[in-house]
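Student: Could you show me how to read the strand pairing and the helix packing of a model, taking one feature at a time?

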Amino acid sequence: MPIQQSDVLYTAVATAEGGRDGRVATDDGKLEVVVSPPKELGGSGTGTNPEQLFAAGYSACFQGALGVVAREAGADLTGSTVTAKVGLGKNGDGFGIIVEISADIPGVEPGTARALIEKAHQVCPYSKATRGNITVTPA
């Protein structure tokens with residue numbers, strides 16, 4: 001169920017200038033990056049790109065969701081990592097993205113780890129936002 005404006009607890013604000021070949025900054029000054037297309041898409045590759053920014057946000061958010069479900073299950077996430085791979089490709093008349101999200105949870109039995117990843121995928125805000133819109137594969 002979508003949240004309503006009255007439910008919002010925090011709002012992040014970022015402004016882009018120059019699109020995929022420019023800069024992006026947050027209103028609080030905590031993030032300011034040069035954005036450029038990757039070499040694979042004919043760009044200079046000197047800056048970051050929207051797919052890297054999305055992967056960074058998704059992996060951090062998913063790690064947070066994994067922490068919530070692990071605490072509920074009594075699982076220890078010490079040393080765990082989450083990796084998001086965001087691919088960009090042609091999609092009809094434009095472009096689309098595809099995501100593979102994976103977690104390494106040392107010390108947790110593989111079946112339990114898989115169950116935690118699946119549950120985190122159900123509660124992660126990024127997973128909820130993308131569900132039904134793009135292919136996301138929890139691995």
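Student: How many bridges join E5 to E6, and do these strands run parallel or antiparallel?

Tutor: In this predicted model, E5 and E6 run parallel and are joined by 4 bridges, with Val99 standing opposite Val136 in E6. On its other pairing, strand E5 (residues 94-104) runs antiparallel to strand E4 (residues 81-91), and 11 bridges join the two; here Val86 stands opposite Val99. E4 and E5 form a hairpin with 2 residues between them, and Gly92 in the turn has a positive phi of about 65°.

Student: What is the order of the strands in the sheet, and which strands stand at the edges?

Tutor: The sheet is open, with 3 strands in the order E4-E5-E6 and mixed pairing. E4 and strand E6 (135-138) stand at the edges and have a single partner strand each, so one side of each lacks a neighbour in the sheet. Neighbouring strands are turned by 15° against each other on average, direction ignored.

Student: How should I describe the way H1 meets H2?

Tutor: Two packed helices are described by the angle between their axes and the distance between the axes. For helix H1 (residues 50-73) and helix H2 (residues 110-123), the axes come within 8 Å and cross at roughly 115°, and the crossing is right-handed. Among the residues making the contact are Tyr58 and Phe62 of H1 and Leu116 and Ile117 of H2, and the contact residues divide into 11 nonpolar, 1 polar and 2 charged.

Student: Which strands does each helix lie across?

Tutor: H1 lies across E4, E5 and E6, running at about 140° to E4, whereas H2 lies across E5 and E6, running at about 150° to E6.

Key. Residues are numbered from 1 along each chain as its sequence is written. This is a predicted model: local features need pLDDT of at least 70, side-chain atom pairs count only at pLDDT 80 or more; totals for chains, interfaces and linings use all residues. Side-chain values use heavy atoms; hydrogens and water are left out. Axes are lines fitted to C-alpha atoms, for helices over the stretch in contact, and angles run from 0 to 180 degrees between N-to-C directions. A crossing is left-handed if the near helix is turned anticlockwise from the far one by less than a right angle, and right-handed if clockwise. Contact means heavy atoms within 4.5 Å. Ala, Val, Leu, Ile, Met, Phe, Trp, Tyr, Cys and Pro count as nonpolar, Asp, Glu, Lys and Arg as charged, and the others, Gly among them, as polar. Two strands pair if DSSP finds at least two bridges between them.
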